[in-house]
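Have the sequence and the 3D view ready.

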Amino acid sequence: MAVRKIIQYPDPFLRTRCRDVSPSDPVLESVIRDLRDTLLSSPGVGLSAPQIGYPLRVILIDLSRAEGKMPILLINPIILAMDGPRVIREGCLSIPQYTANVERMEWVRVRGIDERGRDLELTATGLEAIAIQHEVDHLNGVLFIDRVSSLKRDLFRRKGYKGPMPALKK
Ligand code: NI
């Protein structure tokens, strides 16, 4: 069990552009285990390797609690296509103080490698598609606040969050 501390905004590590990782790289075992353990102990539906300190292109989406779906682990994910713009309220485990209205796409087609090193291609819709877009953004150092059109109008204090609010800069 290795629950990692989730790196918090404005830590510059969140702006890292992550690198591809070979499916045979021995570090993957710890990355995947830590992603699973950390996400399981967090109130979120997705987590990326850079949020727990690995500058590598690995994401985990877990909607099993929210929608009863099987978790998706993707190494080196590439979004092949996406469509269906919609505005949704979104948050991030690295910026827990805020939620925001963000424009995302309703469906995505994504390709990557699974944890056994096999090619994996899938189509996702709804919350699953949005979580994939959010986590792939993390691999490029992009945060959801970067996709908010107006920090003044579209940003909100998370309901029930008490404590200091960091100033946000895109
Ligand atoms: Ni996030």
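Q: Why is Gln97 called buried?
A: Buried means under 20% relative accessible area, exposed means over 50%, and partly exposed is in between (1.4 Å probe, protein chains only). Gln97 has 10% relative accessibility, so it counts as buried. Keep in mind that this is a predicted model, where local features need pLDDT of at least 70, side-chain atom pairs count only at pLDDT 80 or more, and totals for chains, interfaces and linings use all residues. Residues are numbered from 1 along each chain as its sequence is written, and side-chain values use heavy atoms, with hydrogens and water left out.

Q: Where is Gln97, and what is it in contact with?
A: Look in the loop between S3 and strand S4 (98-113); helices (H or I, at least four residues) and strands (E, at least two) are DSSP runs, numbered from the N terminus. Contact means heavy atoms within 4.5 Å. Leaving aside neighbours within four places in sequence, Gln97 is in contact with Phe156, Arg157, Arg158, Tyr161, Pro164, Met165 and Pro166.

Q: Is Arg4 buried, exposed or partly exposed, and how do you know?
A: Its relative accessible area is 36%, so Arg4 is partly exposed. Arg4 sits in the segment before H1 and touches Asp34, Thr38, Ile52 and Tyr54, not counting residues up to four places away in sequence.

Q: How far apart along helix H3 are His134 and His138?
A: They're four residues apart in H3 (residues 126-139), so about one helical turn separates them. His134, at 7% relative accessibility, counts as buried, and so does His138, at 2%.

Q: What makes a group of residues a nonpolar core?
A: It's a set of buried Ala, Val, Leu, Ile, Met, Phe, Trp, Tyr and Cys residues joined through side-chain atoms within 4.5 Å. The largest one here has 18 residues, and Val31, Leu35, Leu47, Val58 and Ile75 touch the most other members. Its largest share, five residues, comes from H1.
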